[in-house]
Each structure stands twice: as C-alpha cells, then as structure tokens.
Amino acid sequence: MLNKRRWLAAGAALAVAGGGVALAQTATAGPAPRHCPTLHVSKGWYGDNQAKLQKMIDERGSCSGSGGARPVATFDWDNTVVKNDISDATLAWMLRHDKVLRPASWKATNKWLTDAAARALTKACGTSVPAGRPLPTSTDTGCTDEILDVYQDAKTSTGRQAFEGEWNHRRTVPEYVWITQLFAGHSPERLTGFARAARAENLAAPIGTEQKVGTHTMEGYVRYYTQQRDLIGTLKKAGFDVYIVSASAEPLVRAWAPGVGIDRDHVIGIRNLVRGGKLTTGVQGCGDVEDTNGEVLTYMDGKRCWINQEIFHVKGAKAWRQQDRAHRPAFAAGDAETDVTFVGDATAGHLAINRNKPELMCRAYDNSDHRWLVNPMFIEPKKRQADPYPCATAGYTRPDGTLGPVHRADGSVIPDQQDTVY
C-alpha cells in the first residue's frame, strides 16, 4: 500500500491523465474544513486503511468544496457489509418453516436444470402436495437435502450434474438464479417478510452458530460489520449517494439494508419478474438483454450493467461498457469475483474484503491505479493463502467458464500475487 504522500501524488497524476480535475484541485486546496464527517470505528481496519478511506472521503465528499454532482459509492452486500449470506439464511429459514412452494414442474424452474436433477427433486419431494402449496420441508429431510444439494453443490444427492448447457460465466450462475426461482409464487412483500424473520433469528444467534437444515450444516448467524455501517454512514454524511448492489434477490436485501441506513430506492439486487402480484421464475434483463430466464444477473459484469443502467441511466448495449469518469462510482467495495468488475470501475477507491477470491485479489494486490485497499474480513477472517494467486495463468474467468490470465487495462498480464493482508 502506498503511504499518504504517494496516494496523493497518484491521485494528482491520474487527474491530469484521466480528466480527474476535482481530485487535482482538492489535492492542492489545503486542509479540509474542520467539521468534515469522520470515521469513528477504527478497530478492524488493517494498517492505514482507515486513514486512506478518510482521505478519500475528504477529497471526494462535501468537504472538498467542489460543489459538483454527488459522488456515488457502491457496496456489495453478502460478506461485504454483513458477515455471511442472507440468501442462504433466508432459504434455510424458509425450508425450516415450510415456505417453499412446490412447482408444477421442477424442470421448468430453471432453463439449465438437468433432467437428472428434475427427476431427483420430483422423487425426493413427491407429487402429493398440490402445485403452488408449501412443501413439508421442516420434516421431509429427503426433500430438503435434495434442494440444498442442487443449490449448494450444483449436483444431485447421487452426484449427477444439476445444471448443464451454455451461459456467460461473467453474467450469471445457474445456482444463483435457481435460489431466486425457489421463491416463485410469493409476493415480493411476503418474501421480504421471510427475510426479516430470518434476519431477527440470525442476528440473535451468537457468532459461530451453525444450524441443521435437513441433514446439512449451514451457518446460523449473520452480523452487520460495524466498520461498514460506520463507513456507509460517514459517506452519506459527506454527500455520497450510496447504493447496495447485490447478487441476492432484491426483496431479501430490502429487509436488511435499513440496518445501515439504506432505503429501498438505493438497493439493486436480482429482480425476478412479477405477475399477478407474485414472483415468477423470470428475471429482468439489463442493457440490451431483454427480460430472461436468468441469463443476466447482478453478478460480475452484470453488476456494472445494472449500476450503469439504474444509477447513471446508461441504456442499451453501452451499459455493459466501462463509462467515462463522470459516470462511474467514486468508491466501491466487494469481497469476491461477483464484484470484481464494478469495484474495479471506481475512480477514487476500491475496497477488497479478503476472502481469498483470485481475480479480485489479483487486481487488489496489483493495485495498478494505487487506489486499492485490502482488508481482512472483520469477523472470523480467512487465514493467509499459502500459495500465490495464479494471476498470470488462471485468475480470470472467461465468458465460457475457462480460466486465463488477469490483464490490466493496458493489456499487460498481472503477475502472480502473494497474499499479504490477512
């Protein structure tokens, strides 16, 4: 990580080269005004990360005195703002409370679901429950286990592939689509209610709690990161327009986002189509991709598309491309490959929560624009990864799912990177 002087110099140089006038002006404008919003939570920030975040807030927020458009900050949700996954937490709660509705056809729930998976789900869950009625998953262990095997492992309980076909691996993942399709038949408001119930249960459970769902062991707790709550609150006070951009279903995030002061208009998640007031298995498209069966999600490159479309009002195929600096977030935070594209698009700061995810960590440790910060997870952080991240050979996921080298914006290959922040 650069020290304070190099961070400032890099910002000034980038401003001259890339049109970042506001950064160059603030770098020479002298000390920030006295009563600027400041970060209060210092515990958990690695090294001088808190100081660098504060400097970015002062330079790009209301204290800069630039008087321009409000800078945008974008955060992933699961394992970035909270510890653990709210989709998993909600699905677990629904399975334990008989809230998953039997589809008329398992095969029809997801375009990539294999015949083997459809047969396994039909066999395990039966056909005695009428379509559209709740499955007795709180007591039917076989049905619950089959659903979780397909979702968590992309395989049936007998080891058969659960999904097949072609999809753009930088835009979607069949399992991510399928969990939202299991919510079909409920209204968005009712699903938000389930998420609130799961939220209460998971916040009340001690850190480290595990739960049995069927015969599966799943995480049984979720926590807001106090550091991220403080960061989001400070960004808002400093005039940033803060959004959550999540690969969880949007009705779930709406149950959690108020806990960090984010309203529903600043939440972007997977948006299933609604018909007759009920969620369906269809999914809204983005850019030049029409409403689909899940070919485009708020996932990897899809997060960029949704940010461009919903926040910066960029339409059509252009929404898939990186925009000019005036139409990109100033700050972004994430923890995994699902976030790498939009976090990399930020112009003033990129925060990578270290979960040992190769492409994100390759870009974060390479730190090509000198604005990346790496921080361990604030609760139960990962241990140091012993082997270098394979940036030069297999850190990048291509659209066809194969792996290749991670390239910088100038086309050069990022060398393998050691894990040094843990």
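The model is predicted, so local features need pLDDT of at least 70 and side-chain atom pairs count only at pLDDT 80 or more, while totals for chains, interfaces and linings use all residues. Residues are numbered from 1 along each chain as its sequence is written, and side-chain values use heavy atoms, leaving out hydrogens and water.

Let's start with two helices, H4 (residues 86-96) and H8 (residues 188-204), whose axes come within 9 Å and cross at roughly 100°. Helices here are DSSP runs of H or I with at least four residues, strands are runs of E with at least two, and both are numbered from the N terminus. The axes are lines fitted to C-alpha atoms over the stretch in contact, with angles from 0 to 180 degrees between N-to-C directions. H4 and H8 are therefore roughly perpendicular to each other, a label that covers 65 to 115 degrees. On the H4 side, Ala89, Thr90, Trp93, Met94 and Arg96 make the contact, and their partners in H8 include Leu191, Phe194 and Glu201; contact means heavy atoms within 4.5 Å.

Next up is H7 (residues 174-181), which is mostly covered, with 7 of its 8 residues buried, meaning under 20% relative accessible area with a 1.4 Å probe and protein chains only. Among the buried ones are Pro174, Trp178 and Gln181.

H7 turns up again in the largest pocket, where H7 gives the most to the lining, with 4 residues. A pocket is an open set of points on a 1 Å grid over the protein atoms alone, with protein on both sides within 12 Å along at least five of seven lines, and lining residues have an atom within 4 Å of a point. This pocket is lined by 30 residues, and Val173, Tyr176, Tyr299, Thr338 and Lys357 lie nearest its centre.

In the second largest pocket, H12 gives the most to the lining, with 4 residues. Of the 28 lining residues there, Gln322, Gly344, Arg363, Arg408 and Ala409 lie nearest the centre.

Residues lining the largest cavity include Arg304, Gln322, Phe342 and Asp345. Helices H11 (301-310) and H12 (340-345) are the elements that give two or more residues to that lining, and H11 gives the most, with 3 residues.

Conventions. Parallel < 35°, antiparallel > 145°, perpendicular 65-115°, else oblique. Buried < 20%, exposed > 50% of the residue type's maximum accessible area, 1.4 Å probe, protein only. 1 Å grid on protein atoms, 1.4 Å probe; cavity = no way out; pocket = protein on both sides within 12 Å on 5 of 7 lines; lining within 4 Å.
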